[in-house]
Amino acid sequence: EKGYETGEHAPGLKLGGCGAYRAAHHIIKTHAKVWHSYNTTWRSEQQGMVGISLTSGWGEPVDPHSQADVDAAERYIQFHLGWFANPIYRGDYPEVMKSYIGRKSAQQGLETSRLPTFSAQEKSYIKGTSDFLGIGHFTTRYVAQKSLPFLRAPSYHTDHDLAELVDPKWPAPGSGWLYSVPWGFRRLLNFIKTQYGNPLIYVTENGVSEKVQCTQLCDEWRIDYLKGYINEMLKALNDGVNVKGYTAWSLLDKFEWNRGFSERFGLYYIDFKNKNKPRYPKASVDYYKNIISANGFPDPREVMS
């Protein structure tokens with residue numbers, strides 16, 4: 001979306017309303033081809049697994065008693081996670097994406113939907129092409145229904161008719177978009193369980209950044225974030241969600257898309273101004289080491305039911 005819709009990321013194309021959908025369409029078909037290639041050529045010998053890793057926030061209705069807000073929150077998830085997961089696990093794009101984008105495309109005078117379609121052969125070829133689902137998750141939004149006028153230029157962001165909100169009480173230690181909302185993680189994992197037949201899940205990314213350099217390496221907020229999110233993942237495991245592994249994001253401070261080195265997700269601080277790039281452990285390193293060695297919280301009292 002940022003590469004082909006807004007142009008913020010490489011390759012910097014601003015193909016509003018269609019570029020992201022086309023790029024995703026090719027990604028999904030290419031992923032399926034890779035899975036089938038491995039399945040027919042290597043699986044019998046190597047006994048390996050091929051999956052896909054998708055990043056998604058959680059959308060919570062602003063008013064859980066408002067059907068419009070509940071539907072909007074559902075659209076939020078379907079336009080993020082479902083966009084890729086639905087074809088792979090159920091054979092086609094989510095119905096709500098097809099209906100909303102199709103209707104808006106018609107209102108904009110287009111003869112066909114801006115969302116590409118899969119042939120019947122492609123649907124069956126794509127369905128089931130993931131031995132596990134990788135999940136990247138960082139944050140949550142409250143979601144409300146918001147009708148956006150169709151006269152606007154076509155855009156992925158106006159196709160789903162919703163508004164995203166945050167609670168000012170949510171901690172926000174780093175990136176402007178990243179609020180710490182641990183309970184959204186459990187809800188997302190349970191949604192995946194219900195929606196896609198409880199697939200094998202590996203959490204491939206989960207962590208928090210800091211915008212300002214902390215010379216004391218005092219990232220207590222990262223410890224709180226990890227504690228909260230890992231605890232909610234444990235609750236999801238108790239709910240019966242099939243989570244097999246968890247990876248904190250990330251080991252080192254690194255180049256962060258168009259933010260460069262200004263946002264630091266690492267457990268280890270990197271001095272980028274030094275040609276040798278020395279690494280220094282932040283406070284979260286010892287905390288996370290203890291979790292790894294115990295394969296959970298070393299102190300059971302840390303786990304909240």
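Predicted model: local features only at pLDDT ≥ 70, side-chain atom pairs only at ≥ 80, totals over all residues.
Modeller: Local features need pLDDT of at least 70, side-chain atom pairs count only at pLDDT 80 or more, and totals for chains, interfaces and linings use all residues. Residues are numbered from 1 along each chain as its sequence is written, and side-chain values use heavy atoms, with hydrogens and water left out.

Colleague: Why is Leu-13 called partly exposed?

Modeller: Buried means under 20% relative accessible area, exposed means over 50%, and partly exposed lies in between. Leu-13 is at 35% and is therefore partly exposed.

Colleague: Why is the pair of Asp-131 and Arg-43 called a salt bridge?

Modeller: The term requires a side-chain nitrogen of Lys or Arg within 4 Å of a carboxyl oxygen of Asp or Glu. The closest N and O atoms of Asp-131 and Arg-43 are 2.9 Å apart, so the pair qualifies. Asp-131 lies in the loop between α5 and β3, and Arg-43 in helix α2, so the pair ties together parts that are 88 residues apart in sequence.

Colleague: Are Asp-131 and Arg-43 buried or partly exposed?

Modeller: Asp-131, at 22%, counts as partly exposed, whereas Arg-43, at 17%, is buried.

Colleague: How do you know that Glu-210 and Arg-222 form a salt bridge?

Modeller: Their closest N and O atoms are 2.6 Å apart, so the pair meets the definition. Glu-210 is buried at 3% relative accessibility, and Arg-222 is buried at 2%. Salt bridges that share partners join Glu-210, Asp-219, Arg-222, Asp-253, Arg-264 and Lys-282 into one network.

Colleague: What makes β4 and β5 a pair?

Modeller: Strands (DSSP runs of E, at least two residues, numbered from the N terminus) pair if DSSP finds at least two bridges between them. Strands β4 and β5 share four bridges in the antiparallel sense, so they pair.

How values were computed:
Buried < 20%, exposed > 50% of the residue type's maximum accessible area, 1.4 Å probe, protein only.
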